[in-house]
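Have a look at the sequence and model first.

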Amino acid sequence: MFINRLKQQWSEGRPAINGWLSIGNAFTAEIMAAQGYDSVTIDIQHGALDYSSVLPMFQAMRASGVTPMARVPWREPGIIMKALDAGAQGIICPMVNSAEEAAEFVSYLRYPPHGQRSFGPTRAAFAYGSYGLAANGEVLALAMIETQQGVDNLDAIAATPGLDGIYVGPADLTLGTQEGRLPPGFDREEPEMIDLIKRILAACKANGIRACLHCGTPDYAARAIGWGFDLTTVSGDSRLLAAAAAASVKTWRDLTDSAPAEATKGAY
């Protein structure tokens, strides 16, 4: 049977750093997975990709030994089960608003009698060898709480049997709870948002499940680990590519004292 290395790492009391993939390309996935992350997540929800990109991206990550995960577009059994069959060892599900929805989500990740996952681990069986009912105890179910309704039901959601953790996305959490008073974004510094993030963390700890946070910078991510988070995501492929390219171009322009040329309107 396969062993989920992320679960094993947590059991040893060690926090994890997660990479994030929004570009639908196996080579990009291979490069990111080789950089020392503990886990890497493919963003099927908002990423520029579809299922035909997902499977080869999982294949490309295999050599690095990272724990491969996916954020699915919705609490829908078809895409959740296909992502698992492709090799995902953890599923992040957006917009979980109640204990009933959390339980439904969990059921899609577990084979009977613990859930309703259909058996057919097409790639997973080849990638991990013996892959059967024991997968119930290895695959991670991480729910996202992003709305006021979800916050109101936080304790009940966190107590859902079979739920492994809560993944906090600060952008949607801000949109969903602040009624437009604050813009979406990562690395929140507003006292009310920090209090809310820590409240979610406390609910996870009280129920013995893992707390995960999406961050924009390594400094903030390390700070969140200090608060007690078990996993922090630091930026992602598209943002890292843009930041590195921008920094390189800026350095060149500063050293050569060269201003960018104005775009020619209507040239194409």
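**Cores, strands and salt bridges**

The largest nonpolar core has 68 residues, and Ile42, Met61, Ile91, Phe105, Leu109, Leu163 and Ile166 have the most contacts inside it. A nonpolar core here is a set of buried Ala, Val, Leu, Ile, Met, Phe, Trp, Tyr and Cys residues joined through side-chain atoms within 4.5 Å. Helix α10 (residues 191-206) gives this core its largest share, eight residues. A second, separate core of 12 residues includes Leu140, Met144, Cys212 and Leu231.

Some ground rules: this is a predicted model, where local features need pLDDT of at least 70, side-chain atom pairs count only at pLDDT 80 or more, and totals for chains, interfaces and linings use all residues. Residues are numbered from 1 along each chain as its sequence is written, and side-chain values use heavy atoms, with hydrogens and water left out.

**Around β5**

- Strand β5 (residues 140-143) points Leu140 and Leu142 one way and Ala141 and Ala143 the other, and all are buried (under 20% relative accessible area; exposed is over 50%, partly exposed in between, with a 1.4 Å probe and protein chains only).
- Helices (H or I, at least four residues) and strands (E, at least two) are DSSP runs, numbered from the N terminus.
- β5 pairs with strand β4 (residues 90-93) in the parallel sense over four bridges; pairing takes at least two DSSP bridges between the strands.
- Strand β6 (residues 165-168) also runs parallel to β5, joined by two bridges.
- Alanine 143 stands opposite cysteine 93, and its bridge partner in β6 is isoleucine 166.
- Phenylalanine 105 is in contact (heavy atoms within 4.5 Å) with Ala141, Leu142 and Ala143, among others, leaving aside neighbours within four places in sequence.

**Salt bridges**

- The whole structure has 12 salt bridges, each a side-chain nitrogen of Lys or Arg within 4 Å of a carboxyl oxygen of Asp or Glu.
- Arginine 117 pairs with aspartate 85, with the closest N and O atoms 3.0 Å apart. Arginine 117 is in the loop between α5 (99-107) and α6 (124-128) and aspartate 85 is in helix α4 (residues 77-86), so the pair ties together parts 32 residues apart in sequence.
- Both ends are buried: arginine 117 has a relative accessible area of 2% and aspartate 85 one of 12%.
- Arginine 110 forms a salt bridge with aspartate 164, the closest N and O atoms being 2.9 Å apart. This pair ties together parts that are 54 residues apart in sequence.
- Arg75, Glu101 and Glu104 are linked in a salt-bridge network.
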